[in-house]
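Okay, thanks for coming, everyone.

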Amino acid sequence: MKPLRQLWVILKKDIIMEMRTKEMIVSMLMFVMLTMIIFNYAFRADRNDLTPFGGGLLWLAFIYTAFLGMNRSFVHEKDQGCLEGLLLSPVDRSIIYVAKMVGNLIFLTAVELLAVPIFTMFFISYPYYLHLDKLGIFLLGLGLSNFGIAAVGTFVATMAVNTQRRDLLLPILGLPLLMPVVAPAVMISGTMLSGSTSKHELELVGESLKILAAYDIIFFVVIAMIYDFILGE
Amino acid sequence: MSLRISALYGLVALAAGLTMFGLYGTFYWTPLEVNEIGFTQKIFYFHVPMAITSGMAFGVTMVASILFLITKNLKWDAWAVVGAELGLIFGSALLWMGIIWQRSTWGVWWTWDPRLTSFLVVMLLYGAYFVLRSSVETPVQRARYSASIGIVGYLAVLFTMLSTRILRSVHPVLFRLSDSGLGDSSMLITFLVAMFAMFALLAAMLILKTSVENLGEELDYLKSEIGG
């Protein structure tokens, strides 16, 4: 019970701060929309239909938005001296990790849920993924991918903020670590967006969900175990 | 001390000898591949051993990273760095050989074959490992950070290989040992010699480079002792 309460307190602090400033969600959402404008130039989308590339484009925008947000989440802690406070408090280090990670997961998911309808409106001719049998898989894919991104991103961001290069480090270190998430994420979202009924593609979606689940569990556990060494001072 | 050094000389000589024999076997002893690949098939004799060696070097990084986090001994940090360095060296040689091979076999410089794709990700990941190292100043913190990336990175490597292979299964796997036509015994012997040559080279370079790293650390310590 006690660890859960500690987790909730740290998480609540992040949520309250975000509710007051709306800094992360607003800037992440703006970034996603600006990226979409570039998609329009890149594909000369006068027909407004980028369905075949939908999955890849969606995750291109999301992954960089995620880095943008996760970098901020630790810059605050560091610059305002909150990290020292957290480290001094009698809280297990892995609880700090889980709390920060859940916070990032919530903000990222919120931005994505706002951005997907906008993306659909701009580039997708018919929203197949809204069909009931597809919507569940689409959202599950989104959730599992976000979990992996938040798990690894929070870990790398903690390191990055304590180095000289700071926010430069998260994308170049985080992106190769997250490639095993991006590939299945694109596969799932792309297939659901295009409404493909090809048996082979649906099989690959199943495999992708399994890969994501395995990645999430293994990376979450391993990082929670070694997080102590990252924060330790 | 002297025994250690002579053993090291022996290892270097072994690596050099085996490499020379491997090269001789590659160019003069083994027959030309009669199927469509032809002369460029000979890249195979060093290409595959180098791939395995570079994977082993990254494995050294992972094991040394775990040992560092357990023991907190900076000696293991040196092993981890040297492993990553050698993995990158063998890896870039491997990539260039692969590019030459593809260009002459398929007529393109690059294909998004699962192995190529995952190997490129791996190279960029270990490149970022060195960017991370260069952006942390205190040695202990640097060692802790890079050790955790050494562990998590190796897991990511395994996952990248797994996911690119599963998700691209529409395409055939392009190189397989059984397809390489190692029918002739000279081919098999050359391949195995090249393999042991690369292993010996890796071992020799690991030992040499780690002692250089350790000396460098000792030097830094001595310098700080005299206030330099």
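Let's start with chain B: residues 24 or more positions apart account for 77% of its contacts with a separation of 6 or more. By contact I mean two residues whose C-beta atoms, placed from the backbone, lie within 7 Å.

Before I go on, this is a predicted model, and local features need pLDDT of at least 70, side-chain atom pairs count only at pLDDT 80 or more, while totals for chains, interfaces and linings use all residues. Residues are numbered from 1 along each chain as its sequence is written, and chains are lettered from A and ligands numbered from 1 in the order in which they are written.

So what is chain B built from? It has six helices and zero strands, and along the sequence that reads α-α-α-α-α-α. Helices (H or I, at least four residues) and strands (E, at least two) are DSSP runs, numbered from the N terminus. Chain B has 228 residues, and 34% of them count as buried. The cut-offs there go by other C-beta atoms within 10 Å of a residue's own, again placed from the backbone: 20 or more is buried, 12 or fewer is exposed, and in between is partly exposed.

Now zoom in on one pair in chain B. The axes of helix 1 (residues 2-29) and helix 6 (residues 185-225) of chain B come within 8 Å and cross at roughly 150°. Axes here are lines fitted to C-alpha atoms, for helices over the stretch in contact, and angles run from 0 to 180 degrees between N-to-C directions. Helix 1 and helix 6 of chain B are therefore roughly antiparallel to each other. For that wording, under 35 degrees is roughly parallel, over 145 roughly antiparallel, 65 to 115 roughly perpendicular, and the rest oblique.

Which way does helix 1 of chain B cross helix 6 of chain B, left-handed or right-handed? The crossing is left-handed. You call a crossing left-handed if the near helix is turned anticlockwise from the far one by less than a right angle, and right-handed if clockwise.

As for who touches whom, helix 1 of chain B brings residues including Leu8(B), Phe21(B) and Trp29(B), and helix 6 of chain B brings residues including Ser186(B), Phe196(B) and Ile207(B). The residues of that contact split into 18 nonpolar, six polar and no charged. Nonpolar covers Ala, Val, Leu, Ile, Met, Phe, Trp, Tyr, Cys and Pro; charged is Asp, Glu, Lys and Arg; the others, Gly among them, are polar.

Over to chain A. You'll find eight helices and zero strands there, in the pattern α-α-α-α-α-α-α-α. The radius of gyration of chain A (taken over C-alpha atoms) is 18 Å, close to the 17 Å that the globule rule gives for 233 residues, so chain A is as compact as a globular protein of that length. That rule is 2.2 Å times the number of residues to the power 0.38. Along the principal axes, the C-alpha atoms of chain A fill a box of roughly 55 × 35 × 30 Å. Of the 233 residues in chain A, 45% count as buried. Residues 24 or more positions apart make up 84% of the chain A contacts with a separation of 6 or more.

Chain A has a helix pair worth a look too. Helix 2 (residues 23-42) and helix 3 (residues 54-79) of chain A have axes that come within 9 Å and cross at roughly 150°. That makes helix 2 of chain A roughly antiparallel to helix 3 of chain A. Their crossing is right-handed. Among the residues involved are Phe31(A) and Phe39(A) from helix 2 of chain A, and Leu68(A) and Arg72(A) from helix 3 of chain A. That contact divides into nine nonpolar, four polar and two charged residues.

Lys22(A) sits between helix 1 (2-21) and helix 2 of chain A, and has a positive phi of about 55° although it is not a glycine. With 11 other C-beta atoms within 10 Å, Lys22(A) is exposed. Arg166(A), in the loop between helix 6 and helix 7 of chain A, also isn't a glycine and has a positive phi, near 45°. Arg166(A) has 16 C-beta neighbours inside 10 Å and counts as partly exposed.

Last bit: where the chains meet. The contact takes 26 residues from chain A and 25 residues from chain B. On the chain A side, helix 7 (169-194) and helix 8 (199-231) each supply at least two residues. The largest share of that side, twelve residues, comes from helix 8 of chain A. By type, the chain A side divides into 21 nonpolar, three polar and two charged residues.
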